[in-house]
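Let's walk through this model together, starting where the two chains meet and then picking out a couple of single residues.

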Amino acid sequence: MSTQITEREEESTESEPETETEAGAETAPARQRRMDEKRRRAADRETERERERAGIEGDTRTLKVFRYDPEVEGKEEPRFDEFTVPYRKGMTVLDALIYARDHYDSSLTFRHSCRQAICGSDAFFINGSQRLGCKTQLSDLSNPVRVEPLPHQEVVKDLVVDMQHFYDQMDAVEPYFQGDDVPGELEEQRQSRENREKIKMSTRCIWCGACMSSCNIAAGNNDYLGPAAINKAYQFAMDEREGEAVKQERLEILEQEQGVWRCQTQFSCTEVCPKDIPLTEHIQELKREAVKNNLKFW
Amino acid sequence: MAIHEHDVIVVGAGGAGLRAAIAAQEEGADVALVSKLHPVRSHTGAAEGGINAALREGDSWEDHAYDTMKGSDYLGDAPAIETLCQDSPRETMQLEHWGMAFSRDDDGRVSQRPFGGLSFPRTTYAGAETGHHLLHTMYQQVIKRGIRVYDEHYVMNLAVTDHDDPEDRQCYGCVAYDIKTGDVNGFTANDGVVIATGGTGQMYDHTTNAVANTGDGAAMAYRAGAPLEDMEFVQFHPTTLPSTGVLITEGVRGEGGILYNTEGERFMFERGYANNVGELASRDVVARAELTEINEGRGFEDDHVLLDMRHLGEERITDRLENIIHLSKDFEGVDPLEEPMRVKPGQHYEMGGIETDENGATCIDGLYAAGECACVSVHGANRLGGNALPELIVFGARAGRHAARRDRAEARIETGPSAKSEDGSIDTPVTPGEVGATGEDVVADGGSRAADGGALLDAPAGEVVERAVERERARVERLMEREGVNHAEIRGDLQKSMTDHVNVFRQEEGLKQALEDIHECRERYRDVAVSDPSRTYNTDIIQTIETRNLIDLAEALTMGALARTEFRGAHWRKEHQERKDDEWIKHTIVQWNGGRPELYYKPVILEGEEKTYEPKVRSY
Ligand SMILES: Cc1cc2nc3c(=O)[nH]c(=O)nc-3n(C[C@H](O)[C@H](O)[C@H](O)COP(=O)(O)OP(=O)(O)OC[C@H]3O[C@@H](n4cnc5c(N)ncnc54)[C@H](O)[C@@H]3O)c2cc1C
Ligand code: SF4
Ligand code: FES
């Protein structure tokens, strides 16, 4: 399985070094020896890899991975590549992708970092739903496993999507604390346990974008704030450490045309959220707050 | 060529980088964060436990400092430790004022809990997600302040002048690869560059660190001439899940979880590793016990031991350790209510790093560092749990502030070769440092001896940055153009050697073997090539460069480990089973020296503001 295209292979065979001065630093025989050595080692390693590939026995899993690269021949048209990887207990979709990349095709591209559901990098569309690659056990999925980029987002390459729109929506709700009376340098603002408990779930968001990708409304309407941003606003609006005036401003942002009222309570966001945040409930609660609030000012 | 210009450039947007950027901005500087990950993806988010800060009556910064010095096994510098402990309460409260969702006591104040090695319960926390909250709270401030973030920009190298003595060098900026477009751009810093690139766990094949923790910043600063300090001190955590390295908190053992081997023995007691406290022994003791069991053939699949908590009962487990059930199920496919968890030791934290003073300044003018990539040194030979997060905010803020002022503020900690007190000498099987001197390879592997004109000494900033950009461009071209070895093979071999030889157990022979292996990695890296031909989101190229950084750091670490013939803190040597205070209360320094790493020592400062810390036996 390789996406290397012939054109490139031709290009890279024995091309003269561009920078003359550098090549000149090495004598011709030395260079020849090095090139021979390089070829020999490359050949050795290739055999080794072949052996490894052939040696996959026992339990395996197959991934069908979406591939796309706007500037690589053969990948400009989206396609699916298949990778068969050895399976061991505890293996996640992310582990399998890493295996495929490191053993078969180093151009296989996906974001990932923490491997523990906290960095929010690896939300993919796995067997038809939005999940984190690192938090999805292969044993919970039917084989072959289909891995695609998050739907409703522009694909940059392979499994990488453009997150800018998601970030813009987050920014739109003033996603930062705006406390008004901060006590002395060494003293905290008091907050009740109950209040902390109330905002707890909302603070767990890891900005993975799964919710937004699952939401039909957001898919059809780029201006809708979307579940993650509304949840972020919920976190601050419900935090008793922020004053009443700020809360009013927050509710105004949420109440505008592209805010909470767009939500049609389909619960898809809540279902896919890897941090179990009750997104739909939070949106509903904000709707109620908004109504209460309007009544108050009537 | 695009050159971006700002007053302060912060490389890395984890806890340390974000705090540095905010502090620099408060000084009035125009700041930019340049980070290979979007800020909220940084590994600070994974920290669970908490932030040590002496906030309460009955506690004091002095007690916190005493605990930290003792924990460091008397290898921390008093000015650094005292600064940490004095500033932590204010910095922690600053986070609260920025809205961080700390857990709360009944009276509405922030909660604190006890942690290993602390004489007072001063670990301030936000559930089991302290790092997540800390990271997001600070990123919110960055949004609020409109600080410019160049995310998914991979910093490849620094732009530094060529003076012979690193202390005469000037840092004018850095070069970054725009991951989305493949462009190589320059960043000029009018006032200073702060490195905050985090840990180095990817040197090992098993770690609690993220895939992105490849020590890039430390490697870049090292090659630019800033020395690495105490790299041999690596903390290993005894209970991590074998397939991913996800950390299982000490809390499981604290609540009564037991460890056993294939013989069904509760080995901590039955094999006499810790007759009194058993599973509750300190991290390093438990980690060594587990590995001994595995090495002697009593491990499962020659890989791990079992941690059982089923006897605690479902109710107690769900009540106190609920997140452990999720972690084990999600990441290991094991339900700990039904069967024991598999655990093994994993790399967790690098105590050493870029040598800085208590203001975050390195010996190179205009270059600062903070966070896990730096070594101030607060943790010495062993970090106490809950002391890394305060380090991020305390020294992040200081580094940012001083970078914005580009001042050489007075500091008690000395940096650079002039701080040397003693030459080091080690007997190495191979010559450490760069291999081969042919131009073409040097360009591709990011080496420093590229033949591109004379040395830049008094050149203007722009010229230094431009040359750095040219070099990195050539490097990218070269890596993309040629064919050769995939970096993943080299990285895999490096990780294996480090795990086999420079792990929890270290002995002379193994360390030498590691140096040979590292040398071999360097040799092979001369043939490294990137096979993904795309300019769009080419992670192959990023990882290839990361692997070079890991090689440099692994070598410095192993040199330090070979040199230090004693057992102190996290550094265990088979042939040298005691702490040797007469000889070894000194920092190990490795300086790149233009590609020929040089080892030397500098003194540890045990004199605090008011008192001198007297080395005592580290027993708890
Ligand atoms: C699982 C776990 C639990 C922990 N728990 C605790 C705890 O309870 N208490 C405690 O005190 N400590 C804890 N620690 C330690 C502590 O969390 C870390 O030491 C700390 O978070 C590191 O922060 P940092 O800002 O230095 O680096 P990171 O948060 O890792 O950030 C590094 C940043 O640098 C960027 N970067 C890296 N390389 C480049 C490059 N080449 N170009 C551009 N950008 C780059 C990354 O994008 C990232 O933004 C824990 C660590 C782990 C792994
Ligand atoms: S709310 Fe949940 S699904 Fe949406 S971005 Fe946050 S963590 Fe992801
Ligand atoms: S890799 Fe970080 S969330 Fe999956």
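Across the interface, 79 residues of chain A are in contact with 88 residues of chain B, contact being heavy atoms within 4.5 Å. This is a predicted model, where local features need pLDDT of at least 70, side-chain atom pairs count only at pLDDT 80 or more, and totals for chains, interfaces and linings use all residues. Residues are numbered from 1 along each chain as its sequence is written, chains are lettered from A and ligands numbered from 1 in the order written, and side-chain values use heavy atoms, with hydrogens and water left out.

Together the chains bury about 7200 Å², 46% of it on carbon and sulfur atoms; that is the accessible area (1.4 Å probe) the two parts lose on being put together, summed over both. The rule finds 10 salt bridges between chain A and chain B, each a side-chain nitrogen of Lys or Arg within 4 Å of a carboxyl oxygen of Asp or Glu. Take Glu188(A) and Arg56(B): their closest N and O atoms are 3.6 Å apart in a salt bridge.

Now for Gln591(B), which sits in strand β19 (residues 586-591) of chain B; strands are DSSP runs of E, at least two residues, numbered from the N terminus. Is Gln591(B) buried or exposed? Gln591(B) counts as buried because its relative accessibility is 6%, and buried means under 20% relative accessible area (1.4 Å probe, protein chains only). Leaving aside neighbours within four places in sequence, Gln591(B) has contacts that include Pro166(B), Tyr222(B) and Arg596(B).

Notes:
Helix = DSSP H or I, 4+ residues; strand = E, 2+ residues; numbered from the N terminus. Buried < 20%, exposed > 50% of the residue type's maximum accessible area, 1.4 Å probe, protein only.
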